[in-house]
Amino acid sequence: MDAQQALADLTEISSQIEAAVVFDDQGKVAGSTLTEGGRADELAKAAAALVAAAEGVKTGESVLTQLEVSTGEGSVFVVRDGKTYIAATTGGNPTAGLVFYDLKSALRSVKPAAKSAPAKKKTATAVKKSTAASAKKKTAARKPATRKKPDAS
């Protein structure tokens with residue numbers, strides 16, 4: 001699914017999200033709910049800056065995957081998966097767990113298109129070998145087990 005469709009689905013299911021943008025680690029916007037083009041770039045740039053600032057103060061070696069910045073007027077949420085990010089703004093007092101869940105779901109729906117690689121075709125020889133191997137397994141499975149006769153003593 002493309003980023004624009006994922007964002008349309010996101011705003012349809014999440015009434016708390018006011019604006020959202022999907023972007024990459026270079027700041028290139030892939031999709032946005034904002035109608036003004038410059039605003040989408042501003043939100044992506046601000047979200048990337050928040051992540052960079054949080055990376056600078058976090059402890060431990062793990063990568064920062066989600067972030068919430070909250071004020072009395074609203075919140076900014078950012079979720080990262082690899083090199084792809086989704087950022088969203090909400091009004092005051094959002095249900096943070098639900099917003100994170102919705103953002104992660106939207107981001108996952110964008111990711112498969114980028115991750116999918118063409119399936120390798122099997123050669124005729126590989127198909128014959130695999131067919132012969134499964135035929136041997138089926139034949140071996142059908143042979144009845146030999147039973148030992150009970151001792152007569």
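1. Terms first. Two strands pair if DSSP finds at least two bridges between them. Helices (H or I, at least four residues) and strands (E, at least two) are DSSP runs, numbered from the N terminus. The model is predicted: local features need pLDDT of at least 70, side-chain atom pairs count only at pLDDT 80 or more, and totals for chains, interfaces and linings use all residues. Residues are numbered from 1 along each chain as its sequence is written, and side-chain values use heavy atoms, with hydrogens and water left out.

2. Five strands form an open sheet in the order 2-1-5-4-3, and the pairing is antiparallel. Strand 2 (29–32) and strand 3 (66–70) are the edges, each pairing on one side only. From one strand to the next, the twist averages 15 degrees. Axes here are lines fitted to C-alpha atoms (for helices, over the stretch in contact), and angles run from 0 to 180 degrees between N-to-C directions. As background, strands of a sheet pair through backbone hydrogen bonds, either parallel or antiparallel.

3. Strands 4 and 5. These two pair in the antiparallel sense over eight bridges. Val 79 has Ile 86 of strand 5 as its bridge partner. Val 76 is likewise bridged to Thr 89 in strand 5.

4. Strands 3 and 4. This pair also runs antiparallel, joined by five bridges. Ser 70 stands opposite Ser 75 of strand 4. The hairpin from strand 3 to strand 4 passes through three residues.

5. Is strand 4 enclosed or open to the outside? Six of its eight residues are buried, so strand 4 is largely enclosed by the rest of the structure. Buried means under 20% relative accessible area, exposed means over 50%, and partly exposed lies in between (1.4 Å probe, protein chains only).

6. Salt bridges. The rule asks for a side-chain nitrogen of Lys or Arg within 4 Å of a carboxyl oxygen of Asp or Glu. The count comes to two. Glu 55 meets Lys 58 at 3.7 Å, N to O. Arg 80 meets Glu 55 at 2.4 Å, N to O. Arg 80 lies in strand 4 (residues 74–81) and Glu 55 in helix 2 (residues 37–57), so this pair ties together parts that are 25 residues apart in sequence.

7. Glu 55 is partly exposed, at 27% relative accessible area. Lys 58 is partly exposed too, at 25%. Arg 80 counts as buried, at 17%.

8. Which residues touch the most other members of the largest nonpolar core? They are Leu 7, Leu 10, Ile 17, Ala 20, Val 79, Ile 86 and Leu 103, in a core of 17 residues. Two or more residues come from each of helix 1 (3–13), strand 1 (17–24), strand 4, strand 5 and helix 3. Helix 3 gives the most, with six residues. A second, separate core has 13 residues, including Val 21, Ala 54, Leu 64 and Ala 87. A nonpolar core is a set of buried Ala, Val, Leu, Ile, Met, Phe, Trp, Tyr and Cys residues joined through side-chain atoms within 4.5 Å. In soluble globular proteins, nonpolar side chains tend to be buried together.

9. Ile 86 up close. Contact means heavy atoms within 4.5 Å. Leaving out residues up to four places away in sequence, Ile 86 touches Leu 7, Leu 10, Val 21, Val 22, Phe 77, Val 78, Val 79, Leu 103, Ala 106 and Leu 107.

10. Thr 90. This residue sits in strand 5 (residues 84–91). Thr 90 is buried, at 3% relative accessibility. Beyond its neighbours within four places in sequence, Thr 90 is in contact with Gln 16, Ile 17, Glu 18, Glu 73, Gly 74, Ser 75, Phe 77 and Val 99.

11. Asn 93. Where is Asn 93 found? Its place is the loop between strand 5 and helix 3 (96–115). Asn 93 is exposed, with a relative accessible area of 78%. Asn 93 is not a glycine, yet has a positive phi of about 55 degrees.
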